Amino acid sequence: MRLQAHRSPMAAIKPGRPGGRHRRPAERQATYGEVLAIGEFRALWAGQALSLLGDQLSRVALSVLVFERTESPLATASVYALTYLPPIVGGPLLSGLADHYARRRIMIVCDVLRALLVALMAIPGTSFTALCVLVFCVVLLSAPFSAARAALLPELLEGDRYVAGSALQNMTNQAAQMLGFAIGGALIMGMGPYRALALDAATFMASALILVSGVRRRPAPARSGSGRPSMWKMTRAGARLVFGDPRLRTLVLFAWLCGFYVLPEGIATPYAAVLTDDPQRVSFVTGLLMGSIPTGTVVGAFLFSRYVSPSGRLRSMGWMAMLTCAPLILCALRPPLAVVLVLWFVSGVGGAYQLAANAAFVRCVPAERRGQAFGLVQSGLLAAQGLGILIGGAAADEFGPEPVVALAGAAGLLVAATLAMLWTDSRKEIIERVRAEAPA
């Protein structure tokens, strides 16, 4: 990690009562209202929400379309798997573009290209091979877009406003996922998969227009040296930055911990089949299970960002990470549906620690390197989720879903406890900086 030279945190603390005692500056928490008052953030937020709703609709549409074409569960699953592969492969290579070109321009270009590619998917008669290629390219473009957005957000929101804005985006993402899946099937029944894909293309174009009108132009991040390095050099430099510093390395591992506590969502259907004897209720129970963790995440993000002080979030990050995994261990007792929903909900609440980890990561990464750094983290995040779900599915087929979820919880708790101990030493400097920068 490269840190700029800072004066001693104590120099920013004003003297308080006589007798040598000093009063720490109060830590004021940002509100959602003051974050939403920033027009550029509203544009980013609205564009992202619109695109996410369209994406969820297109996932359902693609599943229906591919199954209608092929009547093959394997082909349908393969297309869905393509949503994981491109960011893992292309993220480390393409995310560095956000550090060498204007980030607003990167986002607009990616939105326009994705709108055109999805529009091609919406043409009736497009072959299965062409659909796979188009899906791959659409998801691949999400890597530089996400990296540019993540790197731009700290420029719009300073201090605790960044945490409030991240929490608002996180809650919006979870709500868009739940809403998109909930209404996707009903809309596709009425309009068909091709029109649903056309609607997704329109959401990408609308997002681009919102960015054009709502986000002002900024120059490309200033970089030292002449010329632009190759993508491979940018990737290697980003890896050295992220994994060469103990604090950043610990924060990245905190982010990738989600591979353990997201695993239950990947085997929600076989878990639902165990919880109910009625085949007609399996899909309903599956929906309840899949929605419980995101719902907990929304609630946790709201409470964590609204009622916990900035330094308090950093101190409690390790405990919250352990909370994401500990409740899952109780699934080994094979509790009824109501108890499982509560356990998974509590696990989702603990996931709010990602807000603190994200804010700490932003503080430790130089502004001109954020695109590459966020891209690497996001790629690993998707890899951890995909690998966890893949291993969990194979193990559940052999041992059943309950012990697999419990084992994932136990393994995740062990990793989280280790990271919490490492974080205890790493967090001190960041907490001092947060307190020093707080308004008196």
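Which residues are linked in a network of salt bridges? They are Glu40, Arg103, Glu155 and Arg218. A salt bridge here is a side-chain nitrogen of Lys or Arg within 4 Å of a carboxyl oxygen of Asp or Glu, and a search of the whole structure finds six of them.

A quick word on the ground rules. This is a predicted model, in which local features need pLDDT of at least 70 and side-chain atom pairs count only at pLDDT 80 or more, while totals for chains, interfaces and linings use all residues. Residues are numbered from 1 along each chain as its sequence is written, and side-chain values use heavy atoms, with hydrogens and water left out.

| Pair | N to O distance |
|---|---|
| Glu34 and Arg161 | 3.0 Å |
| Glu155 and Arg103 | 2.7 Å |
| Arg114 and Asp111 | 2.9 Å |

Let us start with Glu155 and Arg103, which form a salt bridge. This pair links distant parts of the chain, with Glu155 in helix H7 (residues 142-156) and Arg103 in helix H5 (residues 103-121), 52 residues apart. Helices are DSSP runs of H or I with at least four residues, numbered from the N terminus. Arg103 is buried at 5% relative accessibility, whereas Glu155 is partly exposed at 35%. Buried means under 20% relative accessible area, exposed over 50%, and partly exposed in between, using a 1.4 Å probe and protein chains only.

Glu34 and Arg161 also form a salt bridge. The two residues connect distant parts of the chain: Glu34 sits in helix H1 (residues 32-36) and Arg161 in helix H8 (residues 160-214), 127 residues apart. Glu34 counts as buried at 17% relative accessibility, and Arg161 as partly exposed at 33%.

What separates Arg114 from Asp111 in helix H5? About one helical turn, because they are three residues apart in that helix. Arg114 is buried, with a relative accessible area of 5%, and Asp111 is buried as well, at 0%.

Finally, a look at a serine. Ser305 lies in helix H14 (residues 282-307) and is buried, with a relative accessible area of 3%. The Ser305 side chain reaches the backbone oxygen of Ala301 at 2.7 Å. Leaving aside residues up to four places away in sequence, Ser305 touches Gln29, Tyr32, Val163, Ala167, Arg313 and Leu355, where contact means heavy atoms within 4.5 Å.

How values were computed
Polar contact = N/O pair within 3.5 Å; in protein donor to acceptor, adjacent residues only side chain to side chain.
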